[in-house]
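Here is a friendly briefing to read with the structure in view. Keep the model open and find each residue as its name comes up.

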Amino acid sequence: MYMDGKTPQIQLEERAEQSQQVALPEQVTPVPASPASRISSGWKLWVRDLLFSAAASVLIITFLYQPVRVEGTSMLPRLVDQDRLFINKFVYHFAAIERGDVVVFRYPRNLQTSYIKRIIAVPGDRLRIDRGQVYVNDKPLSELYVPQEYRDTRSMDAMVVPEGQYFVLGDHRSISSDSREFGPVSGDLIYGKAAFIYWPSQDVGVVH
């Protein structure tokens with residue numbers, strides 16, 4: 001059958017145009033999210049962030065801190081019998097033990113027992129006690145953490161703290177068993193620094 005020479009060209013152009021029109025995506029007007037949907041999404045994000053924060057806190061506490069319970073009154077007034085606190089188990093891997101730190105260590109005379117005391121003198125310090133007044137390197141030590149009613153009048157001859165050892169005292173001087181009795185404590189026995197009291201609520205706070 002004879003066909004006009006222009007006809008196929010026109011048909012192809014029309015088909016191409018039709019095909020091109022079909023291929024174009026339709027313009028879709030977005031439907032705004034409903035208030036209920038936005039609230040639900042915000043709630044899910046809040047729960048997710050809360051769970052993430054809780055998991056991170058558990059990991060930090062598990063690997064960096066250890067909960068301990070205070071037994072006794074030798075660290076009054078800051079630490080009360082049965083207080084619960086966190087101790088930092090890793091701080092002394094990266095920082096030096098310093099005067100004033102409240103530390104937990106294994107009792108030199110019974111390694112199954114732990115004591116909590118305050119660092120008073122570090123290796124190389126010259127220390128003496130004169131009727132309750134502590135002198136470190138011949139200077140009187142200001143101890144605001146020891147109330148007057150907790151002081152005593154005990155004395156101790158001058159000594160130089162040996163290398164690798166630390167002289168510790170309890171804040172309640174009149175009843176504390178400490179380095180005045182069992183001598184300086186080896187740094188190998190010190191395994192944590194008191195960081196934060198978390199129970200009971202009236203004692204909550206950083207340990208200084």
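In this predicted model, Asp178 and Arg180 meet through their side chains in a salt bridge, 2.9 Å from N to O. Salt bridges with shared partners bring Asp152, Asp178 and Arg180 together in one network. Side chains of opposite charge can pair when their charged atoms come close.

**Salt bridges**

- How many salt bridges are there by this rule? The count comes to 10.
- Asp178 has a relative accessibility of 0%, so Asp178 counts as buried.
- Arg180 is also buried, because its relative accessible area of 16% falls under the 20% cut-off.
- Lys193 pairs with Asp101, and their closest N and O atoms are 3.7 Å apart.
- Asp171 forms a salt bridge with Arg118, with 2.8 Å between the closest N and O atoms. This pair links distant parts of the chain, 53 residues apart: Asp171 is in the loop between strand S9 (165–169) and helix H4 (179–182), and Arg118 is in strand S4. Both Asp171 and Arg118 are buried.

**The cavity**

- Rolling a probe the size of a water molecule over the atoms shows where empty space is left.
- Searching the whole structure turns up 1 cavity of 30 Å³ or more. The largest cavity has a volume of about 60 Å³.
- The lining of the largest cavity is made up of 4 nonpolar, 1 polar and 5 charged residues.

**The largest pocket**

- The largest pocket has a volume of about 320 Å³.
- Its lining has 18 residues, and Val70, Glu71, Ser114, Tyr115 and Ile116 lie nearest the centre.
- Strand S1 (65–69) and strand S4 (114–121) are the elements that give two or more residues to this lining. S4 gives the most, with 4 residues.
- By type, the pocket lining has 8 nonpolar, 7 polar and 3 charged residues.

**A nonpolar surface patch**

- Ile60, Phe63, Leu64, Phe90 and Phe94 form a nonpolar patch on the surface, and together they have about 550 Å² of accessible area.
- Helix H2 (residues 35–64) provides the largest share of the patch, 3 residues.
- Ile60 lies in helix H2 and is partly exposed, with a relative accessible area of 43%.

How values were computed
Residues are numbered from 1 along each chain as its sequence is written. This is a predicted model: local features need pLDDT of at least 70, side-chain atom pairs count only at pLDDT 80 or more; totals for chains, interfaces and linings use all residues. Side-chain values use heavy atoms; hydrogens and water are left out. On a 1 Å grid over the protein atoms alone, a cavity is a set of points where a 1.4 Å probe fits but cannot get out, and a pocket is an open set with protein on both sides within 12 Å along at least five of seven lines; lining residues have an atom within 4 Å of a point. Grid points are joined across faces, edges and corners, and a volume is the space filled by probe spheres set on the points. Ala, Val, Leu, Ile, Met, Phe, Trp, Tyr, Cys and Pro count as nonpolar, Asp, Glu, Lys and Arg as charged, and the others, Gly among them, as polar. Patches are made of residues with over 30% relative accessible area and no salt bridge: like charges are joined within 9 Å, nonpolar side chains (Val, Leu, Ile, Met, Phe, Trp, Tyr) within 5 Å. Accessible areas come from the Shrake-Rupley method with a 1.4 Å probe; for residues, only the protein chains shown count as cover. A salt bridge is a side-chain nitrogen of Lys or Arg within 4 Å of a carboxyl oxygen of Asp or Glu. Buried means under 20% relative accessible area, exposed over 50%, partly exposed in between (1.4 Å probe, protein chains only).
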